[in-house]
Amino acid sequence: MISREDVKKIATLARITVSDTEADTYAGDAEEILSFVVQVGGTSSPHEGDAHMLLTNVMREDGVPHEEAAYTKDILDNAPKTENDYIVVRKVITKE
Amino acid sequence: MKPLNELSITEASTLLASREISSVDVTNACREEIAKRDGDIHAYLEVFDDAETQAKMADEKIKAGSASALTGIPLAVKDNILIKGKKASAASKMLENYTATYDATVITRLREHGAVFLGRTNMDEFAMGGSTENSAFGPTRNPHALTRVPGGSSGGSAAAVAGHLAIGGLGTDTGGSVREPAAFCGIVGFKPTYGSVSRSGLIAMGSSLDQWGPMTKSVTDAEILWNAVKGNDPLDSTSLPEGVYPKRAETKKIGVPMSIMGGLDSSVMENFQAAQKKFKDQGYEIVTVDLELLKKVLSIYYIIMFAESSTNLSRFDGVRYGLSRQGSDLIGDYAASRGEGFGTEVRRRILLGTYILSAGYYDAYYGKAVASRKELVADFNKAFESIDFVLTPTTPVPAFKLGEKTDPLSMYLTDIFTVTPNLTGMPAISIPSGTIEKEGEHLPLGAQLIAPHGMDERLLNAAKRFAGEVK
């Protein structure tokens, strides 16, 4: 069973606020959806299924991809809060 | 001559080349139709005010003798494909005010041809849905039956093309988002081999599943668009160089996985049998293929898609771009921005993805799904040793009514036939297969043809014969 508390815990991990009513709805949906998708079974051991699939890493040569500041203005225009050529972020470390 | 907005790419291109019409004529014909009908259909989120300027430039290109089949063709662009300087919102409040800082590679390549970008089209928020009802800006309606959905997530592009509000359309397909709306709206929708077209500049959902796709009035039109944008791109390391996959000998056999056709409505089954007969008449032998894992594809797909989309959407933090809201601290800022910016279905999928990937559940869900996905690819590769294509209906039902599917799981189940080619990375196309009558309305259906990796051209050729475009 997935409870309201479970949904709230997952929501904290996912960095999303959910109200109590929403958490109840999502708990019901998740119960139904997860009991459907768990039929996935899988005859191989889960560890055989590495996440890398059929893809390999493709690297590019180190170098200058474009002229300096070519995108700076456009990118900063999309940022909610800027100062000079910087994006303003909230203080991460706080005093206890 | 038919009204200019009703032309296909191929037809418009011939008339443009002979200078009987100009790009400005055909662009304005589409704009007039939008003004007349898009109030009801709501295919577009924005019609670009520079469309006529683009058309004038295309006309110059035609005059200068440097035109291609796409020069001057007005296209509807799904709202998750970036066009520099234009809004790209993925139909989400999160990106409502986001302006693209660069062109997607598909846009760069179409620009070189002088194609005209008419406007950006509605979709399910972040491409999550199969009806376009999940758009944060209101649903799109099916131009064939306004009480019904156009399908999704590329429902706006499908409705724009089917309603002749554009000459061709661009979509993206993660689990059927090009093919399902194409089937519901009676047009062609093509998902090429994974990696054949660059994903650079497409707003990501499930990165191992996402692929760009054309939505058009004919198979030939889809081929023209695909040829213009395909090919390796240094900006997408999963885009493939030519010749990665081996050519396969032609068998003239088409496999039908009868084991998953059980629950089909009799009218849909009849339509599907007629499609099989049409292929038979063209010299194909129809054989039954036994692909046991097809019964599990929805489970495999939804687990992988939840996991990948929750991961991809973690980039929206309200700091660098997108909706920003204040909480009590930094973590609170994230939670408030994401809580308000994402709609119900997007949050549901992020939560499910986070659950599935959390310690203790990872092996039971994601690990098994990835293992099963590998088996599925192997099963299809084996089946394709003795057949050229796999044939299914595109959808188990025709377009349903707005508001009809309220339970998320019942919506997910309509993807039963379309998710497989995304899981295997194989190319698939939905071709119109006629209409069925339901409650007095004639509703389109599609037949889906799936080919092995890299056999896109053979797939398009078979589809062209099916559609009667070539002998």
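This is a predicted model: local features need pLDDT of at least 70, side-chain atom pairs count only at pLDDT 80 or more; totals for chains, interfaces and linings use all residues.
Now for chain B by itself. It splits into domain 1, covering 4–229, and domain 2, which is made of 253–289 + 378–453. Taken over C-alpha atoms, the centres of these two domains of chain B are 24 Å apart. The domains touch each other too: 34 residues of domain 1 of chain B are in contact with 29 residues of domain 2 of chain B. On the domain 1 side, helix 6 (179–185) and strand 5 (188–191) of chain B each supply at least two residues, and helix 6 of chain B gives the most, with six. That side of domain 1 of chain B divides into 15 nonpolar, 13 polar and six charged residues.

Next, zoom in on helix 9 of chain B, residues 297–312, where you'll find S310(B). Is S310(B) buried or exposed? It counts as buried, because it has 25 C-beta neighbours inside 10 Å and the cut-off for that label is 20 or more. Leaving aside neighbours within four places in sequence, S310(B) is in contact with A14(A), and also with R349(B), I350(B), G353(B), T354(B) and L357(B). Take R349(B) from that list: R349(B) sits 39 residues from S310(B) along the chain, yet their C-alpha atoms are separated by 6.7 Å.

Helix 9 of chain B also packs against helix 12 of chain B (residues 363–383), with axes that come within 9 Å and cross at roughly 125 degrees. That angle is why helix 9 of chain B is called oblique to helix 12 of chain B; the roughly perpendicular range stops at 115 degrees and roughly antiparallel needs over 145. The crossing of these two helices of chain B is left-handed. From helix 9 of chain B, the contact uses V297(B), I300(B), I303(B), I304(B) and A307(B), while helix 12 of chain B brings Y365(B), Y366(B), A369(B), S372(B), R373(B) and L376(B). By type, the residues of this contact come out as nine nonpolar, one polar and one charged.

For a contrast in setting, look at G39(B) in helix 2 of chain B (residues 23–41). The C-alpha atoms of G39(B) and E285(B), 246 residues apart along the chain, are separated by 47 Å.

Most residues other than glycine have a negative phi, and most peptide bonds are trans. Against that background, the peptide bond from G152(B) to S153(B) is cis, with omega near 10 degrees. S153(B) lies in the loop between strand 3 (116–121) and helix 5 (155–162) of chain B, and T132(B) has its place in that loop as well. T132(B) is not a glycine, but has a positive phi of about 65 degrees; with 34 C-beta neighbours inside 10 Å, T132(B) counts as buried. H164(B) also has a positive phi, near 60 degrees, and is found in the loop between helix 5 and strand 4 (168–173) of chain B. H164(B) is buried because 20 other C-beta atoms lie within 10 Å.

Note on methods
Residues are numbered from 1 along each chain as its sequence is written. Chains are lettered from A and ligands numbered from 1 in the order in which they are written. Domain bounds come from an automatic or database domain assignment. Two residues are in contact if their C-beta atoms, placed from the backbone, lie within 7 Å. Helices (H or I, at least four residues) and strands (E, at least two) are DSSP runs, numbered from the N terminus. Ala, Val, Leu, Ile, Met, Phe, Trp, Tyr, Cys and Pro count as nonpolar, Asp, Glu, Lys and Arg as charged, and the others, Gly among them, as polar. A residue is buried if 20 or more other C-beta atoms lie within 10 Å of its own, exposed if 12 or fewer, and partly exposed in between; C-beta atoms are placed from the backbone. Axes are lines fitted to C-alpha atoms, for helices over the stretch in contact, and angles run from 0 to 180 degrees between N-to-C directions. Angles under 35 degrees count as roughly parallel, over 145 as roughly antiparallel, 65 to 115 as roughly perpendicular and the rest as oblique. A crossing is left-handed if the near helix is turned anticlockwise from the far one by less than a right angle, and right-handed if clockwise.
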